[in-house]
Protein chains: 2
Amino acid sequence: MQVEIWSVGKENESFIDEGLKYYFQKTRPYNPVDLVLLQLPKKLATTDADKAKLLEEEMILKKLQPHHYLVLLDERGKLLTSPQWAQQFQQMMNMGTKTLVILIGGAFGVTDNIRRQARQVWSLSHLVFPHQLVRLMVAEQVYRAFSILNNSPYHHS
Amino acid sequence: MQVEIWSVGKENESFIDEGLKYYFQKTRPYNPVDLVLLQLPKKLATTDADKAKLLEEEMILKKLQPHHYLVLLDERGKLLTSPQWAQQFQQMMNMGTKTLVILIGGAFGVTDNIRRQARQVWSLSHLVFPHQLVRLMVAEQVYRAFSILNNSPYHHS
């Protein structure tokens with residue numbers, strides 16, 4: 001199962017990029033994983049939250065394919081544990097999922113339309129983290145989930 | 001109020017160090033903040049969880065001063081929001097707290113004795129993150145809390 005972390009917004013600070021490389025390298029012996037940056041063309045940039053969300057919606061829907069299993073990350077989502085992430089990944093693979101897309105919304109969240117497309121909505125924390133750090137946190141959790149599924153000692157609960 | 005993030009365990013990967021510098025630099029115009037690494041001497045290193053926790057307890061208690069306000073981070077703690085972190089920091093400052101110590105336990109958690117010393121126990125997430133990444137997450141939340149207290153636009157809720 002291909003795992004893609006989709007994230008709306010800016011390029012990474014160098015320490016985030018380095019961290020993503022670190023976790024992706026550790027994950028790839030188990031499973032393919034990548035970050036997909038979704039960036040609005042500069043001429044469309046806007047500080048109007050509703051407008052930004054609609055433009056982002058269009059960009060996301062254009063990229064979304066029928067074989068994608070979409071998990072939205074959102075503060076209002078379910079707070080799962082790490083073993084539950086692993087369990088969910090296993091179930092997706094059992095269902096024959098080709099590509100899991102984990103979507104990190106933009107700075108203002110996502111539209112209701114995107115929310116309806118999501119098969120599941122998960123939350124990382126009650127705390128708000130910046131999008132770049134969320135990318136890193138998700139990369140680590142994906143690695144942890146596959147470590148759990150492969151009985152690696154990385155996750156000792 | 002001096003903010004110290006105490007963390008038991010190894011030196012940081014370079015991307016974590018770079019990230020900590022990034023957030024500490026942003027925080028310092030508002031408030032002093034630092035990472036304090038607590039490392040057992042190599043000759044005491046052990047894979048026995050209970051032994052490690054006791055050795056870590058000794059090390060932590062030796063460092064703990066009466067003017068320290070100890071917040072323990074632990075999976076079983078309270079899940080606060082970012083504005084609640086800010087509120088708590090404000091209350092500590094109002095009480096005249098000199099030094100806030102945010103303690104990230106070792107790989108096996110902390111002893112009950114340390115838990116009793118903590119004035120509060122907070123949780124970041126139901127997910128398990130590695131200690132190094134937790135250091136970075138805490139550094140960002142400390143920056144966010146002071147941004148909120150200083151009405152900076154960094155945190156838009």
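Author: Start with how the two copies meet. Of the interface residues of chain A, 100% are also interface residues in chain B, so the copies meet through the same surface. Contact here means that the C-beta atoms of two residues, placed from the backbone, lie within 7 Å. This is a predicted model, in which local features need pLDDT of at least 70, side-chain atom pairs count only at pLDDT 80 or more, and totals for chains, interfaces and linings use all residues. Residues are numbered from 1 along each chain as its sequence is written, while chains are lettered from A and ligands numbered from 1 in the order in which they are written.

Reader: How many residues does the contact take from chain A and from chain B?

Author: It takes 23 residues from chain A and 23 residues from chain B. On the side of chain A that touches chain B, helix H1 (14-27) and helix H5 (131-149) of chain A each supply at least two residues. Helices (H or I, at least four residues) and strands (E, at least two) are DSSP runs, numbered from the N terminus. By class, that side of chain A has 11 nonpolar, eight polar and four charged residues. Nonpolar means Ala, Val, Leu, Ile, Met, Phe, Trp, Tyr, Cys and Pro; charged means Asp, Glu, Lys and Arg; the others, Gly among them, are polar.

Reader: What rotation superposes chain A on chain B?

Author: Two copies of a chain are related by a rotation about an axis and a shift along it. Here a rotation of 180° with 0.0 Å of shift along its axis superposes chain A on chain B, with RMSD 0.0 Å. The two copies are thus related as by a two-fold rotation axis. The superposition is by least squares on the C-alpha atoms of residues with pLDDT of at least 70 in both copies.

Reader: At what angle do H1(A) and H1(B) pack?

Author: Two packed helices are described by the angle between their axes and the distance between the axes. H1(A) and helix H1 (residues 14-27) of chain B pack at about 155°, with their axes 8 Å apart. Axes are lines fitted to C-alpha atoms, for helices over the stretch in contact, and angles run from 0 to 180 degrees between N-to-C directions. H1(A) and H1(B) are therefore roughly antiparallel to each other. The cut-offs are under 35 degrees for roughly parallel, over 145 for roughly antiparallel, 65 to 115 for roughly perpendicular, and oblique for the rest.

Reader: Which residues of H1(A) and H1(B) meet?

Author: A:Ser14, A:Phe15, A:Glu18, A:Gly19 and A:Tyr22 meet B:Ser14, B:Phe15, B:Glu18, B:Gly19 and B:Tyr22. This contact of H1(A) with H1(B) has four nonpolar, four polar and two charged residues.

Reader: How do the axes of H1(A) and H5(A) cross?

Author: They come within 9 Å and cross at roughly 15°. That makes H1(A) roughly parallel to H5(A). Among the residues making the contact are A:Ile16 and A:Leu20 of H1(A), and A:Leu136 and A:Ala139 of H5(A).

Reader: Now chain B. What is the angle between H3 and H5 of chain B?

Author: Helix H3 (residues 82-94) and helix H5 (residues 131-149) of chain B pack at about 75°, with axes 8 Å apart. That makes H3(B) roughly perpendicular to H5(B).

Reader: How many helices and strands does chain A have?

Author: Chain A has five helices and five strands. From the N terminus on, its elements run β-α-β-α-β-α-β-α-β-α.
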